[in-house]
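Have a look at the structure, try each task, then read the solution.

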Amino acid sequence: MDIIIRDNYEEMSTYAAEIIAGYIKYKPDCVLGLATGGTPIGTYKELIRMHHEGLDFSQVITFNLDEYLGVGMELERPYHSDQSYARFMHEELFKHINIKKENIHLPDGQTEDPKKFCIWYEAEIKRVGGIDLQILGLGGDGHWGFNEPGSSLGSRTRVQALTEQTLDDNYEAFYKNANIERSKMPHFAITMGIGTILEAKNILMVVNGSKKANILAKCLEGPITSQVTSSAIQLHSGEITVVIDEAAASKLTHSGRYKHIEKLKHQFGL
Ligand code: GLP
């Protein structure tokens, strides 16, 4: 696991975007797993900038991690009060790059049959050969996607009830500005499971800010537990890169060692 500590959010975002761009250049039809949230916005901005300089998304295939149950996925309608992750992805990334609409996969929050949809979503990921690089943020309660504490570490794409902490965090981020009452925000979501995420060939996690410092330490240095579902990162067998800023790194016991390893690897061209 490579843990890369950068001075601030901008440097973290640039580093993460360079990793993603590297995959796209190496394998133009690569399959990316995408995340929402405030954290990856800077990474997406940087990818958009790279696209303006020639980075080609025309063959890239994407699968998003999650979506609130009950909200829409029509990408082109005006969204006033629509807080869907589909809208978020469209606004923050898709509409700015040359990705093909048919290559975008988002959990359908308006599906009439969530169970059937989840089975189909898993099958689609398999059909394209699996996810090459899964981009992840970190929830305040340690979740990936919406895999709340108590989710099985082998879980698959499914409907998940959101915890009070997640409702609070996401209310601040997505609903408050739209003047939607907290009681009216969705309490369920469709999310890829931890088992699904662990099958991605490689993982890139981005985390910033002091608010995430304690939970990040639990994720990376604590015991592997379904109470912090992202601690499953310690079980992943592919290349793992965790890119964080100094504030998020502040509660890590071994941050000095991670910096030292990065320097050594750089020195030896590894
Ligand atoms: C939501 C998403 C997660 C995301 C998390 C953190 O709960 N479902 O995928 O990682 O928010 O968001 P932020 O980056 O805004 O802290």
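The exercises below go from pockets to the ligand and end with a cavity.

Before you start: this is a predicted model, where local features need pLDDT of at least 70, side-chain atom pairs count only at pLDDT 80 or more, and totals for chains, interfaces and linings use all residues. Residues are numbered from 1 along each chain as its sequence is written, and side-chain values use heavy atoms, with hydrogens and water left out.

**Exercise 1.** Work out how much space lies in the largest pocket and what lines it.

Step one is the term: on a 1 Å grid over the protein atoms alone, a pocket is an open set of points with protein on both sides within 12 Å along at least five of seven lines, and lining residues have an atom within 4 Å of a point. Next comes the volume, the space filled by probe spheres set on the points, which are joined across faces, edges and corners. For the largest pocket that gives about 670 Å³. Its lining has 30 residues, with Leu-138, Gly-139, Asp-169, Asn-170 and Lys-212 nearest the centre. Sort them by class and you get ten nonpolar, 15 polar and five charged.

**Exercise 2.** Find where the ligand sits and which residues come nearest to it.

The ligand sits in the largest pocket, meaning that more than half of its atoms lie within 2 Å of the pocket's grid points. Around the ligand are 13 residues, and Gly-38, Thr-39, Asp-66, His-143 and Lys-212 come nearest; a residue is near if one of its heavy atoms lies within 4 Å. This shell splits into three nonpolar, eight polar and two charged residues.

**Exercise 3.** List polar contacts (pairs of N or O atoms within 3.5 Å) between side chains and oxygen atoms of the ligand.

Start with Thr-39, with a side-chain N or O atom 2.4 Å from a ligand oxygen. Move on to His-143, where the distance is 2.8 Å. Then take Asn-170, at 3.2 Å. As for cover, the protein hides 89% of the 390 Å² of accessible area (Shrake-Rupley method, 1.4 Å probe) that the ligand has on its own.

**Exercise 4.** Say how many cavities of 30 Å³ or more there are, and what lines the largest.

A cavity is a set of grid points where a 1.4 Å probe fits but cannot get out. Leu-32, Leu-34, Leu-47, Phe-57, Thr-62, Leu-93 and Ile-97 form the lining. By class, that makes six nonpolar, one polar and no charged residues.

Definitions and conventions: Polar contact = N/O pair within 3.5 Å; in protein donor to acceptor, adjacent residues only side chain to side chain. Nonpolar A, V, L, I, M, F, W, Y, C, P; charged D, E, K, R; others polar.
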